[in-house]
Amino acid sequence: MASEFLVRIHDLHKRYGHEEVLKGVSLNVRPGETKAIIGPSGTGKSTMLRCINRLTDPDQGQIWLESTEVTAHGVDLNKIRQQIGFVFQDFNLFQHLTALDNVRLGLMKVKNMPKDRATELALYELKRVGLEHKANAYPNQLSGGQQQRVSIARALAMEPKLMLFDEPTSALDPELIGEVLKVMKTLADEGMTMLIVTHELGFARSVCDEIIFMEKGFIVEQGSPEQLFNNPKQPRTREFLSKLSELYGESPA
Amino acid sequence: MSWETLCQNFAEDSFWRLACDSVPKISQGTLLTIEITFAAIAIGFVFGLLLALGRVYGNRPIYALCSGYVHFVRGTPLLVQLLIIYYGLPSFEIRLDPVLAGIIGLGINSAAYQAEYFRGAIQSIRAGQMQAALAIGMSRPQAIRSIILPQALRLVIPPWSNELIYTLKYSSAVSFLAVDELYWTGHHIAVKTYRYFDVYLIIAFIYLALVLILTKIIDKIEDRLRIPGLEIKH
Amino acid sequence: MVIAQETAGWQELLSEQLKLVGESLPTLLSGTAITVELTICLLLLGFTLAVPVALGQIYGPAPLRWLMGAYERFFRAIPILVLLVFFVFGLKVNLPAFLSAALVFGVHSSAYQSQIFRGAIQSISLGQISAARAIGLTRLQAIRYIVLPQAFRLAIPAWSNEYSSVLKDTSFAFTVGLVELNQRAVQIANYPTHHDKVFALFFTVAIIYLILTTLGTRLLEMIERRFRIPGLTVHTGAAHSHG
């Protein structure tokens, strides 16, 4: 039976030692939706994201990608991960490979694509993020913003159904954040399904369909940007938003 | 009751009988190995420190001399160095007792390696330390002695401790000069008793034990001398 | 007058010694070939063993990790001389001398090489593996295509020290009956008529070793530069090589 949701997360739990970082999180994402997850550091946002492609194994709860249960035993993780793009906070570009090879590797080794076809596709993806002219540069010859755009191209090349962004701009100098957000906005406009952990409230407000506020392992509140930013129901949400605007002098409202 | 009668409690030809019978000789050999090792390390420490200072602070000729020495010694086998000293020096009417030749050979060998550790540690001390010392009116030698070296010598302990272990193991090469240290003592017993397997096993485990004990001692020293915040960053 | 005599003595001594070096050179050079062959064989064997040992120590299950750790520590703690005689006389393994030497030196070197590779592998950030897994590579593929290519590059400087170290260690191969470079010189020095005339001979041997260590180290430096990737380098303290 086809579900109306691309991703369903049900009652997700995860603990590290004595600390329970996820205390029962449930969340659904429809195809084409872009959702932002906001909240203080260390409240399980990244852990939840990493559970979706099982870079982290949850202790309890289920996750489905369409009709496949990601959390089931014996599931082919590599198959699932091919369908889910993941963008890391610190890029994690393969240090010994050029931008082109970073994008091409998965196509050749995971999808067993012939080299010329993989090259063609990789160059196309690099062009999409505006970096085809940097195809032969190594990661350390690129700025942080460029590295993150390559890592987005690397994820896109696998033609994922879903893109997960784990604080994609947190490690960037302020002047480099814009170029990455621009690429992400284009993706959202093209109808990519995206889950984004971010502190960029302005971006979340203008691009995302829904904002999810997480704290202490729970989803405290979720809703449309207008509702959550202008009219938060929970006092904790209000507190967090006002603290952030104090810190960054930026009011998302 | 003598040691020999004690050993007769073990069955003839058993491993423990052999081990027991060998205790007096092997303990002498072990002692000599320890003595040679520590003497060589002491020579290497003093000489190595001078070489390191020469390479860091020396003028061009001193730098070239110290560097040449370090490269030559590190680029050639210890055994060849021992042969030059023991069999080569008599060409100039210099004849050394085997133990002395061994200690000197092992010592000047170790000096080159120790020098590299010292140099690395000295160069890892921030330039500001020297400038601050000069700024309060110290002379350069004073600054090196009272500011740089106390820090560098603490930093050098972890890598330098490898050198102790190497010197201990490579002291076995002195056996080539027929010095009855641990390895050569074992070799004698093995040849005499034809019990090669048993004897070499005992010798191997003594080296293993010495290495483990030495490692523990170094860890203790390192703990005692540690200064918060003064560590080599990786 | 006395000084002139002394000088004459020195000159005579020098020419006598150099004559011996000249006569011995062909023998020394054929010994050098054996030394080089042994070094290459033992390094290859050591490399082949070291990579699985290092991987087992990092990625293996707990018992394997322990076993590989014990392997490494054991072979690093025992002098190579003892290992050589234990293999040939203790275990009574009857192989051609070259093969015995290559086996024992190879296993000994594998313990050191595995430590080098382990350090290099562990210096690669875990994010590299996460990123590889995230695009669907298997664990083995991630190690093969992402971890090892980086680790091998990072390991070259330390591995170059290991080359120099084992080359020098091969001078102990006489204990298993191999007559390599140094042992050739020892045999020449043992002629009764050569006593007290062998300083230059052994000095020449030292220079040959020095040339070999220097050339090999330079070659590895070139290889390291050839494969160097911007930003992917390792900074360590003085690495060790002994022997």
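A residue is called buried here if 20 or more other C-beta atoms, placed from the backbone, lie within 10 Å of its own, exposed if 12 or fewer do, and partly exposed in between. By that count, 46% of the 243 residues of chain C are buried. The model is a predicted one, so local features need pLDDT of at least 70 and side-chain atom pairs count only at pLDDT 80 or more, while totals for chains, interfaces and linings use all residues. Residues are numbered from 1 along each chain as its sequence is written, and chains are lettered from A and ligands numbered from 1 in the order in which they are written.

Staying with chain C, the secondary structure amounts to eight helices and zero strands, where helices (H or I, at least four residues) and strands (E, at least two) are DSSP runs numbered from the N terminus. The C-alpha trace of chain C spans about 85 × 45 × 25 Å along its principal axes. Its radius of gyration is 23 Å, whereas a compact globule of 243 residues would come out near 18 Å; the radius is taken over C-alpha atoms, and the globule rule is 2.2 Å times the number of residues to the power 0.38. As for contacts (C-beta atoms, placed from the backbone, within 7 Å), 80% of those in chain C with a separation of 6 or more link residues 24 or more positions apart.

Chain A brings in a sheet. Six of its strands make an open, mixed sheet in the order β6-β7-β8-β3-β9-β10, with two strands taken as paired if DSSP finds at least two bridges between them. At the edges stand β6 (84–87) and β10 (218–223) of chain A, each with a single partner strand, so one side of each has no neighbour in the sheet. From one strand to the next, the twist averages 15°.

Within that sheet, β7 (residues 162–166) and β8 (residues 193–197) of chain A run parallel and share five bridges, and Phe165(A) has Ile196(A) as its bridge partner in β8(A). Helix α5 (residues 144–157) of chain A lies across β6 and β7 of chain A, at about 170° to β6(A); axes are lines fitted to C-alpha atoms, for helices over the stretch in contact, and angles run from 0 to 180 degrees between N-to-C directions.

Strand β9 (residues 210–215) of chain A has five of its six residues buried, so it is largely enclosed by the rest of the structure. To β3 (residues 34–38) of chain A, β9(A) is joined in parallel by four bridges, with Ile37(A) opposite Ile212(A). With β10(A), the pairing is antiparallel over five bridges, and Glu215(A) sits opposite Phe218(A). These two strands, β9(A) and β10(A), form a hairpin with two residues between them, and Lys216(A) in the turn has a positive phi of about 50°.

Now for the interfaces. Between chains C and A, the contact takes 20 residues from chain C and 23 residues from chain A. On the chain C side, α5 (126–134) and α6 (139–169) each supply at least two residues. That side divides into ten nonpolar, eight polar and two charged residues; Ala, Val, Leu, Ile, Met, Phe, Trp, Tyr, Cys and Pro count as nonpolar, Asp, Glu, Lys and Arg as charged, and the others, Gly among them, as polar.

Between chains B and C, 39 residues of chain B touch 35 residues of chain C. Helix α9(B) gives the largest share of the chain B side, nine residues. By class, the chain B side has 28 nonpolar, seven polar and four charged residues.

Note on methods. Two residues are in contact if their C-beta atoms, placed from the backbone, lie within 7 Å.
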